[in-house]
Amino acid sequence: MNPVLAELHDKARAVLDPVHYDFFAGGVGDEIVLADNEAAFRRHALLPRVLRGKGNSAEFPVLISPTAFHKLAHPDGELATARAAEGTVLVSSMASTVPIADVVAAATGPVWFQLYLQPDPRVTEALVRRAEQAGCEALVVTVDSPVFGRHRRDIANEFHDLPSGLAAENMRDLAGVAGPRDIEMAAFSWQDVDRLRASTSLPVWLKGVLHPADAVLAVGHGVAGIFVSNHGGRQLDVVPAALDALPAVVKAVGGRVPLVLDGGVRSGGDIALALAMGASSVGIGRPVLWGLAADGEAGVHRVLGVLRDEFEHVLAMCGGELSHDMVVARC
Ligand SMILES: Cc1cc2nc3c(=O)[nH]c(=O)nc-3n(C[C@H](O)[C@H](O)[C@H](O)COP(=O)(O)O)c2cc1C
Ligand SMILES: O=C(O)C(=O)c1ccccc1
């Protein structure tokens, strides 16, 4: 791993309350998928093309995936993340510890709002209005969580509630309930996606699709794009690594909507592999949390800077272009 990312992870582990470190680091079940998300990149290799007369491109195909409770990592919380994001799209979690309006105000680039549909449609509606009024540019509906993931570390640590003074700020004062409501998980259907799309002019993305048939349905239901993601190994411990699920989704979608690959991306080479395999961009979860815990805004800034620098270098080495024929198995 890049020594800067390793250093930030080590520092985060050292400074965080061990219970909060486990919340950020942990996964569901035996954490097989958590490990496999990173390992999958090691099972693939890139055959660079030569003599193409091309260098790197200006595009940085990375966005910040939504993660909950940034104030557990650093007192500035999501404000620090937003300031560090610069031109990178920040997907702000519905479970942020800073209200979405303040996240958008602190950001200099686009902010998208991650949403868990709520059983009470008035709550969902109010959250959507809140995201729109804040100036969010898209909604990202997480669809891989009909129930909460069972995180053994959190159960062992008895981590169930935020410390006093912290709350999921977006959940305050919704549909007649004062103070923060609990975020609820429930099973929804494609009809709920249609209803959401009809209720807003914002583009609606889905996050947490692994089956190619669901990706095809998503396109049919008019989504703007799809996050191919297993939630960083936090929901179901029998699924493939996110990277291993990507090719079938790429094939099924056939370029009709952009695909974000999220889970286990830790280097410029990982970004290049995901793009060569057909992702339009990648999402980064935990490395942002490590940067934030280690050094606030500056730490997140370093994480993005390292990934940008490595990706540009890899792309230049590959002749400035990435395509599926360049991907081979590492034997
Ligand atoms: C501590 C933590 C909190 C998360 N919270 C959310 C969330 O609120 N909403 C969501 O859609 N995904 C959430 N995720 C999943 C991330 O968006 C993303 O899918 C995952 O972290 C990507 O994998 P990576 O951490 O290996 O980069 C969370 C992940 C972590 C590690
Ligand atoms: O921990 C998570 O992965 C997550 O998605 C979440 C959702 C709601 C509240 C806190 C975290």
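Around ligand 2 the residues are Ala 68, Ala 95, Ile 183, His 231 and Arg 234. This shell divides into 3 nonpolar residues, 1 polar residue and 1 charged residue.

Confidence in the prediction was examined next. The average pLDDT of the protein is 97, and 100% of the residues score at least 70. For the model, the ipTM is 0.99 and the pTM is 0.98.

The packing of helices was then considered. Two packed helices are described by the angle between their axes and the distance between the axes. Helix 12 spans residues 286–317, and helix 4 spans residues 77–85. The axes of these two helices come within 8 Å and cross at roughly 15°. Because angles under 35 degrees count as roughly parallel, helix 4 is roughly parallel to helix 12. The crossing of helix 4 with helix 12 is left-handed. On the side of helix 4, the contact is made by Ala 80, Thr 81, Arg 83 and Ala 84. Helix 12 contributes Val 288, Leu 292, Gly 296, Glu 297, Val 300, His 301 and Leu 304 to this contact. The residues of the contact between helix 4 and helix 12 comprise 6 nonpolar, 3 polar and 2 charged.

Helix 1, formed by residues 3–15, also packs with helix 12: the two axes come within 10 Å and cross at roughly 170°. Since an angle over 145 degrees counts as roughly antiparallel, helix 1 is roughly antiparallel to helix 12. In helix 1, the contact involves Val 4, Leu 5, Leu 8, His 9, Lys 11, Ala 12 and Val 15. These residues meet Pro 287, Trp 290, Gly 291, Ala 293, Ala 294, Gly 299, Arg 302, Val 303 and Val 306 in helix 12. The contact of helix 1 with helix 12 has 11 nonpolar, 3 polar and 2 charged residues.

A further contact of helix 12 is with helix 11, which covers residues 268–276. The axes of helix 11 and helix 12 come within 7 Å, with a crossing angle of roughly 60°. This angle makes helix 11 oblique to helix 12, and the crossing of the two is right-handed. From helix 11, Gly 268, Gly 269, Ile 271 and Ala 272 take part in the contact. The residues of helix 12 in this contact are Leu 307, Glu 310, Phe 311, His 313, Val 314 and Leu 315. The contact of helix 11 with helix 12 divides into 6 nonpolar residues, 3 polar residues and 1 charged residue.

Methods:
Residues are numbered from 1 along each chain as its sequence is written. Chains are lettered from A and ligands numbered from 1 in the order in which they are written. This is a predicted model: local features need pLDDT of at least 70, side-chain atom pairs count only at pLDDT 80 or more; totals for chains, interfaces and linings use all residues. A residue is near a molecule or strand if its C-beta atom, placed from the backbone, lies within 6 Å of it. Ala, Val, Leu, Ile, Met, Phe, Trp, Tyr, Cys and Pro count as nonpolar, Asp, Glu, Lys and Arg as charged, and the others, Gly among them, as polar. Axes are lines fitted to C-alpha atoms, for helices over the stretch in contact, and angles run from 0 to 180 degrees between N-to-C directions. Helices (H or I, at least four residues) and strands (E, at least two) are DSSP runs, numbered from the N terminus. Angles under 35 degrees count as roughly parallel, over 145 as roughly antiparallel, 65 to 115 as roughly perpendicular and the rest as oblique. A crossing is left-handed if the near helix is turned anticlockwise from the far one by less than a right angle, and right-handed if clockwise. Two residues are in contact if their C-beta atoms, placed from the backbone, lie within 7 Å. pLDDT is the predictor's confidence in each residue, from 0 to 100.
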